[in-house]
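Please look over the sequence and the 3D structure shown here before reading on. The briefing that follows goes through the fold by topic, starting with the terms it relies on.

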Amino acid sequence: MKTNKTFANIPEEYAKLEHAKVVLIPVTYDETSTWQKGADKGPEALLKAAENMELYDIETDFEVYKEGIYLAETVEEKSSPETMVNTVHQTTKSYIKKNKFVTLIGGEHSISIGSIRAFNECFNNLTVLQIDAHADLRKEYEGTPFNHACAMYEANQTTNLIQVGIRSMDVSEKLEMNEDKVFFAHDLAMNEYWIDEVIEQLTNNVYITFDLDALDPSILPSTGTPEPGGLLYYETLELLKKVFEQKNVVGFDIVELCPNPTEKSSDFLAAKLYYKMLSYKFAGENDEDIDGDFESEDDDYSNKLSKHKNHDEYDY
Ligand SMILES: [Mn+2]
(Lines give C-alpha, C1' and ligand atoms only; values in the text may rest on other atoms or scores of the structure.)
Protein backbone atom coordinates (compact mmCIF):
# COMPACT_ATOMS: atom_id res chain seq x y z
CA MET A 1 0.00 0.00 0.00
CA LYS A 2 1.76 3.12 -1.22
CA THR A 3 -0.33 6.20 -0.76
CA ASN A 4 0.17 9.87 -1.44
CA LYS A 5 -2.75 10.64 0.81
CA THR A 6 -2.47 12.38 4.16
CA PHE A 7 -3.87 10.90 7.36
CA ALA A 8 -7.63 11.65 7.47
CA ASN A 9 -7.17 13.92 4.43
CA ILE A 10 -5.67 16.64 6.62
CA PRO A 11 -4.21 19.60 4.73
CA GLU A 12 -0.66 19.09 3.38
CA GLU A 13 0.72 21.78 5.67
CA TYR A 14 -0.07 19.56 8.69
CA ALA A 15 1.16 16.36 7.08
CA LYS A 16 4.82 17.11 6.39
CA LEU A 17 7.45 15.27 8.37
CA GLU A 18 9.52 18.36 9.27
CA HIS A 19 6.71 19.99 11.23
CA ALA A 20 4.66 17.01 12.36
CA LYS A 21 4.83 16.06 16.04
CA VAL A 22 3.21 12.69 15.26
CA VAL A 23 4.39 9.92 12.95
CA LEU A 24 2.01 7.12 12.02
CA ILE A 25 3.57 3.90 10.71
CA PRO A 26 1.16 1.40 9.13
CA VAL A 27 2.33 -2.22 9.28
CA THR A 28 0.39 -4.70 7.16
CA TYR A 29 1.82 -7.91 8.63
CA ASP A 30 -0.53 -10.89 9.15
CA GLU A 31 1.41 -14.08 8.54
CA THR A 32 1.14 -15.88 11.89
CA SER A 33 -2.49 -15.36 12.89
CA THR A 34 -4.11 -18.62 13.80
CA TRP A 35 -7.82 -18.19 13.16
CA GLN A 36 -9.31 -15.46 10.96
CA LYS A 37 -6.87 -13.87 8.55
CA GLY A 38 -7.16 -10.30 7.41
CA ALA A 39 -5.28 -8.11 9.91
CA ASP A 40 -3.01 -7.14 6.99
CA LYS A 41 -6.00 -5.15 5.71
CA GLY A 42 -6.37 -3.37 9.08
CA PRO A 43 -4.27 -0.26 8.36
CA GLU A 44 -6.00 0.43 5.06
CA ALA A 45 -9.45 0.06 6.67
CA LEU A 46 -8.52 2.31 9.61
CA LEU A 47 -7.08 4.97 7.30
CA LYS A 48 -10.14 4.81 5.06
CA ALA A 49 -12.45 5.24 8.06
CA ALA A 50 -10.31 8.13 9.32
CA GLU A 51 -11.02 10.03 6.12
CA ASN A 52 -14.65 10.18 7.22
CA MET A 53 -13.99 11.43 10.77
CA GLU A 54 -14.65 14.94 11.94
CA LEU A 55 -11.38 16.29 13.26
CA TYR A 56 -12.54 18.45 16.15
CA ASP A 57 -12.58 16.48 19.42
CA ILE A 58 -15.45 17.70 21.58
CA GLU A 59 -14.22 16.27 24.88
CA THR A 60 -10.77 17.90 24.76
CA ASP A 61 -11.96 20.93 22.75
CA PHE A 62 -8.97 20.36 20.50
CA GLU A 63 -8.00 19.82 16.86
CA VAL A 64 -4.98 17.60 17.33
CA TYR A 65 -4.20 17.29 13.61
CA LYS A 66 -2.84 20.83 13.77
CA GLU A 67 0.09 19.44 15.79
CA GLY A 68 1.00 17.66 12.54
CA ILE A 69 0.55 13.99 11.65
CA TYR A 70 2.97 12.45 9.18
CA LEU A 71 1.79 9.25 7.51
CA ALA A 72 4.96 7.20 7.05
CA GLU A 73 5.49 4.66 4.33
CA THR A 74 3.76 1.37 5.12
CA VAL A 75 5.97 -1.44 6.39
CA GLU A 76 5.11 -4.38 4.15
CA GLU A 77 8.09 -6.60 4.96
CA LYS A 78 6.97 -10.21 5.33
CA SER A 79 9.79 -12.45 4.15
CA SER A 80 9.94 -13.82 7.70
CA PRO A 81 8.49 -12.83 11.08
CA GLU A 82 11.99 -11.96 12.25
CA THR A 83 12.74 -9.59 9.35
CA MET A 84 9.36 -7.92 9.89
CA VAL A 85 10.17 -7.37 13.58
CA ASN A 86 13.61 -6.00 12.69
CA THR A 87 12.18 -3.64 10.06
CA VAL A 88 9.56 -2.31 12.49
CA HIS A 89 12.26 -1.90 15.14
CA GLN A 90 14.56 0.11 12.86
CA THR A 91 11.76 2.21 11.36
CA THR A 92 10.29 3.04 14.77
CA LYS A 93 13.68 3.93 16.20
CA SER A 94 14.56 6.18 13.27
CA TYR A 95 11.48 8.34 13.93
CA ILE A 96 11.95 8.37 17.73
CA LYS A 97 15.44 9.73 17.07
CA LYS A 98 13.87 12.54 15.06
CA ASN A 99 12.00 13.44 18.28
CA LYS A 100 8.63 12.41 16.86
CA PHE A 101 5.71 10.94 18.81
CA VAL A 102 5.67 7.57 17.08
CA THR A 103 2.49 5.54 16.62
CA LEU A 104 1.83 2.34 14.70
CA ILE A 105 -1.24 0.61 13.34
CA GLY A 106 -1.36 -3.10 12.52
CA GLY A 107 -1.40 -5.67 11.43
CA GLU A 108 -1.24 -8.50 13.88
CA HIS A 109 0.13 -8.11 17.39
CA SER A 110 3.62 -9.42 16.63
CA ILE A 111 4.46 -6.04 15.05
CA SER A 112 4.64 -4.67 18.61
CA ILE A 113 7.71 -6.78 19.38
CA GLY A 114 9.75 -4.48 17.13
CA SER A 115 8.22 -1.20 18.26
CA ILE A 116 8.51 -2.04 21.97
CA ARG A 117 12.17 -2.96 21.46
CA ALA A 118 12.77 0.47 19.90
CA PHE A 119 10.98 2.39 22.66
CA ASN A 120 12.73 0.38 25.37
CA GLU A 121 16.09 1.32 23.86
CA CYS A 122 15.17 5.02 23.84
CA PHE A 123 13.30 5.57 27.12
CA ASN A 124 14.25 4.81 30.72
CA ASN A 125 12.13 2.63 33.02
CA LEU A 126 9.59 1.87 30.35
CA THR A 127 6.17 0.49 31.20
CA VAL A 128 4.34 -1.38 28.46
CA LEU A 129 0.62 -1.06 29.09
CA GLN A 130 -0.94 -3.93 27.14
CA ILE A 131 -4.69 -3.69 26.64
CA ASP A 132 -5.69 -7.06 25.23
CA ALA A 133 -7.94 -10.10 25.62
CA HIS A 134 -4.92 -12.41 25.43
CA ALA A 135 -1.86 -12.79 27.60
CA ASP A 136 0.46 -13.33 24.57
CA LEU A 137 3.24 -14.58 26.88
CA ARG A 138 4.30 -17.72 25.05
CA LYS A 139 8.04 -17.90 24.45
CA GLU A 140 7.51 -19.64 21.13
CA TYR A 141 4.47 -20.69 19.11
CA GLU A 142 4.30 -22.74 15.91
CA GLY A 143 8.07 -22.69 15.67
CA THR A 144 8.77 -18.97 16.05
CA PRO A 145 9.18 -16.50 18.93
CA PHE A 146 7.72 -13.83 16.62
CA ASN A 147 4.20 -15.31 16.51
CA HIS A 148 1.35 -13.04 17.65
CA ALA A 149 0.81 -15.40 20.60
CA CYS A 150 4.33 -14.42 21.76
CA ALA A 151 3.91 -10.66 21.29
CA MET A 152 4.51 -9.78 24.95
CA TYR A 153 7.12 -12.37 25.97
CA GLU A 154 10.06 -10.05 25.34
CA ALA A 155 8.32 -7.03 26.90
CA ASN A 156 7.68 -9.11 30.01
CA GLN A 157 11.42 -9.81 30.28
CA THR A 158 12.69 -6.31 29.52
CA THR A 159 10.05 -3.78 30.64
CA ASN A 160 7.41 -3.21 33.33
CA LEU A 161 4.58 -5.04 31.56
CA ILE A 162 1.06 -4.30 32.79
CA GLN A 163 -1.72 -6.41 31.22
CA VAL A 164 -5.33 -5.20 31.19
CA GLY A 165 -8.48 -6.94 29.97
CA ILE A 166 -7.03 -10.46 29.77
CA ARG A 167 -9.60 -13.23 29.43
CA SER A 168 -7.93 -15.93 27.37
CA MET A 169 -4.59 -17.70 27.88
CA ASP A 170 -2.88 -21.06 28.03
CA VAL A 171 -2.24 -22.55 31.46
CA SER A 172 1.50 -22.59 30.70
CA GLU A 173 1.49 -18.79 30.53
CA LYS A 174 0.77 -18.65 34.28
CA LEU A 175 4.44 -19.38 34.82
CA GLU A 176 5.48 -16.21 32.99
CA MET A 177 2.74 -14.01 34.38
CA ASN A 178 3.28 -11.55 37.23
CA GLU A 179 -0.06 -11.67 39.04
CA ASP A 180 0.29 -8.16 40.54
CA LYS A 181 0.57 -6.73 37.06
CA VAL A 182 -2.33 -8.50 35.41
CA PHE A 183 -5.86 -7.13 35.44
CA PHE A 184 -8.14 -9.93 34.27
CA ALA A 185 -11.41 -8.96 32.58
CA HIS A 186 -13.50 -10.85 35.14
CA ASP A 187 -11.85 -8.88 37.95
CA LEU A 188 -12.40 -5.53 36.22
CA ALA A 189 -16.09 -6.30 36.03
CA MET A 190 -16.25 -6.58 39.84
CA ASN A 191 -13.88 -3.77 40.86
CA GLU A 192 -14.88 -0.13 40.48
CA TYR A 193 -11.36 1.05 41.39
CA TRP A 194 -9.49 -0.89 38.72
CA ILE A 195 -8.41 2.14 36.69
CA ASP A 196 -6.60 3.72 39.63
CA GLU A 197 -5.05 0.38 40.49
CA VAL A 198 -3.69 0.11 36.96
CA ILE A 199 -2.24 3.64 37.14
CA GLU A 200 -0.47 2.79 40.42
CA GLN A 201 1.46 0.06 38.62
CA LEU A 202 2.83 2.32 35.87
CA THR A 203 6.24 4.00 35.77
CA ASN A 204 6.25 7.47 34.23
CA ASN A 205 7.30 6.50 30.70
CA VAL A 206 4.49 4.41 29.22
CA TYR A 207 4.12 2.75 25.83
CA ILE A 208 0.57 1.56 25.13
CA THR A 209 -0.01 -1.49 22.96
CA PHE A 210 -3.73 -1.68 22.24
CA ASP A 211 -4.98 -4.97 20.81
CA LEU A 212 -8.49 -4.20 19.62
CA ASP A 213 -9.73 -7.61 20.78
CA ALA A 214 -9.54 -6.18 24.31
CA LEU A 215 -12.80 -4.44 23.44
CA ASP A 216 -16.07 -6.27 23.73
CA PRO A 217 -17.14 -7.89 20.43
CA SER A 218 -20.46 -6.07 20.78
CA ILE A 219 -18.65 -2.81 19.99
CA LEU A 220 -15.76 -4.20 17.91
CA PRO A 221 -16.55 -7.49 16.18
CA SER A 222 -13.97 -7.13 13.37
CA THR A 223 -10.92 -8.70 14.97
CA GLY A 224 -9.19 -12.03 14.46
CA THR A 225 -10.18 -13.61 17.78
CA PRO A 226 -13.21 -11.90 19.31
CA GLU A 227 -13.53 -12.85 22.98
CA PRO A 228 -16.69 -12.19 25.00
CA GLY A 229 -16.61 -10.06 28.13
CA GLY A 230 -14.41 -7.23 26.93
CA LEU A 231 -13.98 -3.56 27.68
CA LEU A 232 -16.64 -1.07 26.65
CA TYR A 233 -15.98 2.30 25.04
CA TYR A 234 -16.26 4.82 27.84
CA GLU A 235 -14.40 2.81 30.47
CA THR A 236 -11.63 2.34 27.91
CA LEU A 237 -11.50 6.08 27.28
CA GLU A 238 -11.51 6.79 31.03
CA LEU A 239 -8.47 4.54 31.48
CA LEU A 240 -6.65 6.09 28.52
CA LYS A 241 -7.45 9.65 29.55
CA LYS A 242 -6.05 9.10 33.05
CA VAL A 243 -2.92 7.43 31.71
CA PHE A 244 -2.26 10.29 29.29
CA GLU A 245 -2.96 12.88 32.00
CA GLN A 246 -0.86 11.33 34.72
CA LYS A 247 2.00 9.67 32.83
CA ASN A 248 4.37 10.43 29.98
CA VAL A 249 2.98 8.30 27.17
CA VAL A 250 5.91 7.97 24.75
CA GLY A 251 4.08 6.22 21.90
CA PHE A 252 1.47 3.60 21.13
CA ASP A 253 0.21 1.03 18.69
CA ILE A 254 -3.26 -0.22 17.76
CA VAL A 255 -3.33 -3.73 16.31
CA GLU A 256 -5.52 -6.63 15.18
CA LEU A 257 -8.20 -4.79 13.23
CA CYS A 258 -9.43 -7.51 10.87
CA PRO A 259 -11.89 -5.68 8.63
CA ASN A 260 -15.16 -7.22 7.55
CA PRO A 261 -16.61 -5.99 4.24
CA THR A 262 -20.12 -5.66 5.64
CA GLU A 263 -19.30 -4.27 9.11
CA LYS A 264 -17.67 -0.85 9.06
CA SER A 265 -18.27 0.34 12.61
CA SER A 266 -15.18 -1.52 13.88
CA ASP A 267 -12.99 0.33 11.39
CA PHE A 268 -14.50 3.61 12.48
CA LEU A 269 -14.08 2.81 16.17
CA ALA A 270 -10.40 2.00 15.56
CA ALA A 271 -9.88 5.28 13.70
CA LYS A 272 -11.66 7.30 16.39
CA LEU A 273 -9.70 5.54 19.12
CA TYR A 274 -6.43 6.38 17.37
CA TYR A 275 -7.41 10.02 17.02
CA LYS A 276 -8.74 10.19 20.59
CA MET A 277 -5.43 8.94 21.96
CA LEU A 278 -3.61 11.70 20.05
CA SER A 279 -6.11 14.24 21.41
CA TYR A 280 -5.46 13.08 24.98
CA LYS A 281 -1.72 13.23 24.38
CA PHE A 282 -1.44 16.74 22.99
CA ALA A 283 -4.41 18.51 24.59
CA GLY A 284 -3.02 17.31 27.92
CA GLU A 285 0.48 18.42 27.06
CA ASN A 286 -0.71 21.98 26.49
CA ASP A 287 -2.47 21.95 29.88
CA GLU A 288 0.68 20.76 31.58
CA ASP A 289 2.64 23.67 30.14
CA ILE A 290 0.08 26.08 31.57
CA ASP A 291 0.04 24.40 34.99
CA GLY A 292 3.83 24.48 35.15
CA ASP A 293 3.95 21.11 36.89
CA PHE A 294 5.92 19.57 34.06
CA GLU A 295 9.23 20.10 35.81
CA SER A 296 8.32 18.10 38.88
CA GLU A 297 8.23 15.05 36.66
CA ASP A 298 11.46 15.92 34.91
CA ASP A 299 13.45 13.09 36.45
CA ASP A 300 11.01 10.48 35.32
CA TYR A 301 10.60 12.17 31.97
CA SER A 302 14.20 11.37 31.16
CA ASN A 303 14.85 9.41 28.06
CA LYS A 304 17.90 8.12 26.30
CA LEU A 305 17.49 10.34 23.26
CA SER A 306 20.38 12.68 24.03
CA LYS A 307 22.68 9.69 23.81
CA HIS A 308 21.36 8.84 20.36
CA LYS A 309 21.61 12.43 19.23
CA ASN A 310 25.29 12.48 20.06
CA HIS A 311 25.79 9.30 18.13
CA ASP A 312 23.97 10.81 15.18
CA GLU A 313 26.34 13.74 15.07
CA TYR A 314 29.33 11.45 14.79
CA ASP A 315 27.80 8.72 12.67
CA TYR A 316 26.60 10.78 9.76
MN1 LIG B 1 -5.28 -10.36 21.60
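Two strands are said to pair if DSSP finds at least two bridges between them, and strands (E, at least two residues) and helices (H or I, at least four) are DSSP runs, numbered from the N terminus. With that in hand, S7 and S8 can be described as parallel strands joined by seven bridges. This is a predicted model, in which local features need pLDDT of at least 70 and side-chain atom pairs count only at pLDDT 80 or more, while totals for chains, interfaces and linings use all residues. Residues are numbered from 1 along each chain as its sequence is written.

**Overall make-up**

- The protein chain has 10 helices and eight strands.
- Of its 316 residues, 50% count as buried, where buried means that 20 or more other C-beta atoms lie within 10 Å of a residue's own, exposed means 12 or fewer, and partly exposed is in between, with C-beta atoms placed from the backbone.
- Among contacts in the protein chain between residues at least 6 apart in sequence, 78% join residues at least 24 apart, and a contact requires that the C-beta atoms of two residues, placed from the backbone, lie within 7 Å.

**The sheet**

- Eight strands form an open sheet in the order S2-S1-S3-S8-S7-S4-S5-S6, and their pairing is parallel.
- Strand S2 (69–71) and strand S6 (182–184) stand at the edges with a single partner strand each, so one side of each has no neighbour in the sheet.
- From one strand to the next the twist averages 15°, taken between axes that are lines fitted to C-alpha atoms, with angles running from 0 to 180 degrees between N-to-C directions.

- Strand S4 (residues 127–131) is largely enclosed by the rest of the structure, because five of its five residues are buried.
- In a regular strand the side chains alternate between the two faces of the sheet.
- Both faces of S4 are covered, with Thr127, Leu129 and Ile131 buried on one side and Val128 and Gln130 buried on the other.
- S4 pairs with strand S5 (residues 160–166) in the parallel sense over five bridges, and Leu129 has Ile162 as its bridge partner in S5.
- S4 is also joined by five bridges to strand S7 (residues 205–211), and these two strands run parallel.
- In S7, Leu129 stands opposite Ile208, while Gln130 has Thr209 as its bridge partner.
- A right-handed β-α-β unit is made by S4, helix H4 (residues 153–158) and S5, where right-handed means that, with the strands pointing away from the viewer, the path from the first strand over the helix to the second runs clockwise.

**Strand S8 and its partners**

- Strand S8 (residues 248–255) has eight of its eight residues buried, so it is largely enclosed by the rest of the structure.
- S3 and S8 run parallel and are joined by four bridges, with Ile254 in S8 as the bridge partner of Ile105.
- Ile254 in S8 also stands opposite Phe210.
- S7, helix H7 (residues 233–246) and S8 make another unit of the β-α-β kind, and this crossover is right-handed.

**Helix H2**

- Helix H2 (residues 81–96) has 16 residues and reaches 22 Å from its first C-alpha to its last, close to the 22 Å expected at 1.5 Å a residue, the expected span being 1.5 Å times one less than the number of residues.
- The buried residues of H2 are Pro81, Met84, Val85, Val88, Thr91, Thr92, Tyr95 and Ile96.
- These residues lie on the same side of H2 because they cover an arc of only 135° around the axis, an arc defined by the directions from the helix axis to the C-beta atoms.
- They pack against strand S1 (22–26), strand S3 (101–105) and helix H3 (111–122).

- Tyr274, placed in helix H8 (residues 265–291), is buried, with 25 other C-beta atoms within 10 Å.
- Leaving aside its neighbours within four places in sequence, Tyr274 is in contact with Leu46, Ile105 and Ile254, and its C-alpha atom is 7.3 Å from that of Ile254, 20 residues apart along the chain.
- Ala45, placed in helix H1 (residues 42–50), is buried, with 24 other C-beta atoms within 10 Å.
- With neighbours within four places in sequence again left aside, Ala45 is in contact with Leu257, Pro259 and Asp267.
- The C-alpha atoms of Ala45 and Asp267 are separated by 5.9 Å, although these residues are 222 apart along the chain.
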